[in-house]
Amino acid sequence: LLLVLKPVHQDRCVQQVRFISSTVDDLNFVSAGADGALQAWKFDFESSNTEMLWNHKAHASGINCIDIRKTSGVLSIISGGDDGFVSITQVVNDKITSFYSRQCHVSSVSSVCFLPLDDFCSTVLSVSIDRSVVLYDSSQSLQEISSRKCVISDISAITLDKANNLTVYGMGQESFSLQKIV
């Protein structure tokens with residue numbers, strides 16, 4: 001493994017990066033920043049050049065967390081921000097084809113993820129420092145399925161294991177079965 005990316009100067013604080021794809025020739029990734037924007041990038045190994053593919057303002061303030069899924073040629077990016085909003089951006093052939101956003105929390109969103117409960121990953125989860133854990137149907141413009149409060153303060157992250165056990169981390173940790181949320 002080699003570190004080959006040339007530095008790209010940006011006038012923004014990058015808070016999250018997720019890799020989309022990699023080939024012999026290039027590497028594609030999405031970055032999220034304190035300016036509320038998602039940006040897609042392509043790094044060309046031969047020329048060592050980095051090109052921005054698109055820039056999309058998804059939040060009014062900083063983006064704290066992102067997750068990506070690619071199904072049937074559609075790249076879906078879920079993001080959570082300091083503004084309490086959860087947003088879904090969908091991209092086909094490096095073009096944004098749909099975007100929807102909803103205020104889901106009263107405080108900053110700490111973590112978001114697509115849940116592998118179906119082939120399309122249409123169920124998504126978000127947690128916030130307001131101690132709420134919320135499930136949504138992303139195929140229905142973030143229609144809330146279920147929510148609950150957890151006992152953990154200052155939630156910073158979530159993990160989901162293969163048995164659908166969810167662990168919420170922050171000032172301590174709380175684990176429970178996903179079925180208990182629904």
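Two strands count as paired if DSSP finds at least two bridges between them; strands are DSSP runs of E with at least two residues, numbered from the N terminus. The model is predicted, so local features need pLDDT of at least 70 and side-chain atom pairs count only at pLDDT 80 or more, while totals for chains, interfaces and linings use all residues. Residues are numbered from 1 along each chain as its sequence is written, and side-chain values use heavy atoms, with hydrogens and water left out.

On these terms, four strands make an open sheet in the order 9-10-11-12, with antiparallel pairing. Strand 9 (109-115) and strand 12 (143-149) are its edge strands, each pairing on one side only. On average, neighbouring strands of the sheet are turned by 20 degrees against each other, direction ignored; the axes behind this angle are lines fitted to C-alpha atoms, and angles run from 0 to 180 degrees between N-to-C directions.

Strand 9 is joined to strand 10 (residues 123-128) by six bridges, and the two run antiparallel. Here Val109 stands opposite Ser128 in strand 10. Strand 11 (residues 132-137) and strand 12 are also antiparallel and joined by six bridges, with Ser132 opposite Lys149 in strand 12. The hairpin of strand 11 and strand 12 has five residues between the strands, and Ser141 in this hairpin takes a positive phi near 50 degrees.

The structure holds zero disulfides, a disulfide being a pair of cysteine sulfur atoms within 2.5 Å. For Cys65, the nearest cysteine sulfur is that of Cys113, 9.6 Å away. Cys65 counts as buried because its relative accessibility is 5%, and Cys104 counts as buried at 16%; buried means under 20% relative accessible area, exposed over 50% and partly exposed in between, with a 1.4 Å probe and protein chains only.
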